[in-house]
Amino acid sequence: MTRPEPGERSLCVLVAPDCYGDTLTAVDAANAIAAGWKLARPGDELVLAPQSDGGPGFVRVLSGRVGEIERSRVSGPLDAQVEAEWIFDANTRTAYIECAQACGLALLGGPPTIRTAVAAHSGGVGQLIDAALRSGATRIVVGLGGSGCTDGGRGMMSALGGLSAARVRLADVVLIAATDVDHPMLGPSGAARVFGPQKGADPDTVELLERRLAEWAEELDDQAEHSVSSRPGAGAAGGLGAALLALGARRESGAAVVARHTGLTGDVARADLLITGEGRFDDQSLHGKVVSSLTAAARHTGIPVLVLAGQVALDPAALSRAGITAAHSLADHAGSVRLAISDAANQLTGLARRTAAGLSLTRE
């Protein structure tokens with residue numbers, strides 16, 4: 001490694017976490033990591049750059065950088081009205097929408113169940129797109145991730161007047177699906193079978209959701225005149241990705257969209273060490289999520305990457321292949337998942353302090 005060892009001088013440490021599920025926003029996580037790191041290594045320069053892959057926190061991370069926060073009352077995933085934030089940049093006539101603001105898991109009112117897995121819908125996302133159109137948006141970026149629904153975007157389409165009407169309304173709009181995963185809509189790696197259980201679906205319900213998605217996929221593919229449902233990212237946010245692709249959307253990495261607007265490339269270029277994190281660090285994290293995007297950026301400059309995650313489900317060999325120096329679990333540090341969730345900020349501060357105190361990049 002060409003970078004100086006920690007004991008030789010202070011480091012420039014880039015702190016760029018995603019959110020930790022519904023427990024900590026990316027901003028709160030960055031602050032908690034920074035607080036702990038400073039306790040152990042007060043001489044280091046910390047650069048805080050909270051990130052998002054298009055899921056929860058997408059709008060908050062971009063706020064103040066690309067436009068002004070707007071608020072709209074829309075239908076939540078179970079019909080109750082919610083106040084959703086989105087961003088409108090009047091200069092570029094670009095709207096930034098976060099689907100989790102309208103149909104996120106956190107809006108279910110409690111843990112997901114079989115009932116919510118079947119009933120949750122994306123209607124509020126369509127209402128946000130409608131609000132953006134009424135504000136004069138000619139470019140709409142929809143962040144996908146953290147949804148509580150598996151309706152394939154049918155609710156969104158209904159709120160826009162139906163599939164045919166929505167295609168007409170958005171014909172002259174640049175539409176971007178900012179996805180956090182590259183899964184297709186259907187099949188063993190599709191929206192229902194991979195993500196349905198996280199949204200409360202038992203095996204029978206997963207098959208019900210799969211059948212519903214398959215029927216809807218035929219309509220989307222017919223209207224688009226090609227198989228949008230099989231394209232990478234179509235399964236994002238319970239199949240919302242496929243619906244957006246059927247409306248002519250271009251798919252982009254949500255993490256890349258945020259990185260571009262937050263000046264991440266410049267921050268990585270001058271950093272000696274990069275720290276990131278998220279709620280659960282597993283194989284999905286390495287496919288379009290914030291961690292994979294950051295690791296790819298860090299690889300170009302040769303800086304080490306540390307991951308502080310709620311839970312770590314990857315072995316050392318997988319970490320090495322991904323270019324990650326080390327990963328540390330908040331649940332292991334706290335002694336239980338329950339404490340890691342209930343006292344997340346304090347536990348993350350403690351984990352960051354312990355990691356900084358034991359830092360030895362040549363050994364990890």
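**A walk through the predicted model**

Thr349 counts as buried, because its relative accessibility is 18% and the cut-off for buried is under 20% relative accessible area. The place of Thr349 is in helix 17, which covers residues 344-357, and, leaving aside residues up to four places away in sequence, Thr349 touches Ala32, Ala35 and Gly36.

From there the reader may turn to the sheet with parallel pairing, an open sheet of 5 strands in the order 2-1-9-11-13. Strand 2 and strand 13 (326-329) stand at its edges with a single partner strand each, so one side of each is left without a neighbour in the sheet. Neighbouring strands of this sheet are turned against each other by 20° on average, with direction ignored.

Helix 1 lies across strand 1, strand 2, strand 9 (273-276) and strand 11 (305-309), and runs at about 175° to strand 2, whereas helix 13 lies across strand 9 and strand 11, running at about 175° to strand 9.

Between strand 1 and helix 1 (26-40) there is a loop, and Asp18 is found in it. Is Asp18 buried or exposed? Asp18 is buried, because its relative accessible area is 4%, which is under the 20% cut-off. Not counting residues up to four places away in sequence, the residues that Asp18 touches include Ala26 and Ala29, and also among them are Gln51, Ser52, Asp53, Thr276 and Val290.

The other sheet to follow is an open one of 6 strands, with the order 3-4-5-6-7-8 and mixed pairing. Its edge strands are strand 3 (68-75) and strand 8 (250-253), each of which pairs on one side only, and its neighbouring strands are turned by 25° against each other on average, direction ignored. In general, strands of a sheet pair through backbone hydrogen bonds, either parallel or antiparallel. Strand 3 and strand 4 (residues 81-89) pair in the antiparallel sense over 8 bridges, and Ser72 stands opposite Ala84 in strand 4.

Helices are placed against this sheet as well. Helix 5 (residues 123-134) lies across strand 3, strand 4, strand 5 (94-98) and strand 6, and runs at about 135° to strand 3. Helix 11 packs on the sheet and touches strand 5, strand 6, strand 7 (174-179) and strand 8, with its direction making about 65° with that of strand 8.

Strand 6 (residues 139-143) contains Arg139, which is partly exposed, because its relative accessible area is 22% and buried would require a value under 20%. Arg139 and Tyr96 are 43 residues apart in sequence, and their C-alpha atoms are 8.7 Å apart in space. Apart from residues up to four places away in sequence, Arg139 touches Arg93, Thr94, Ala95, Tyr96, Val173, Val174 and Ile176.

How many of the 11 residues of helix 10 are buried? In helix 10 (residues 236-246), 11 of the 11 residues are buried, so the helix is largely enclosed by the rest of the structure; among these buried residues are Ala236, Gly241 and Ala246. Just after helix 10, Gly248 takes a positive phi of about 95°.

The walk ends at the second largest pocket, whose volume is about 160 Å³. Helix 11 (254-261), helix 12 (264-270) and helix 13 (290-301) each supply at least two residues of its lining. The residues that line this pocket include Ala259, Arg260, Leu264, Val268, Ser293 and His300, and by class the lining has 5 nonpolar, 4 polar and 1 charged residues.

Terms used:
Residues numbered from 1 in each chain as written. Predicted model: local features only at pLDDT ≥ 70, side-chain atom pairs only at ≥ 80, totals over all residues. Heavy atoms only, no water. Helix = DSSP H or I, 4+ residues; strand = E, 2+ residues; numbered from the N terminus. Buried < 20%, exposed > 50% of the residue type's maximum accessible area, 1.4 Å probe, protein only. Contact = heavy atoms within 4.5 Å. 1 Å grid on protein atoms, 1.4 Å probe; cavity = no way out; pocket = protein on both sides within 12 Å on 5 of 7 lines; lining within 4 Å. Points joined across faces, edges and corners; volume = space filled by probe spheres on them. Nonpolar A, V, L, I, M, F, W, Y, C, P; charged D, E, K, R; others polar. Pairing = 2+ DSSP bridges. Axes fitted to C-alpha atoms, helices over the stretch in contact; angles between N-to-C directions.
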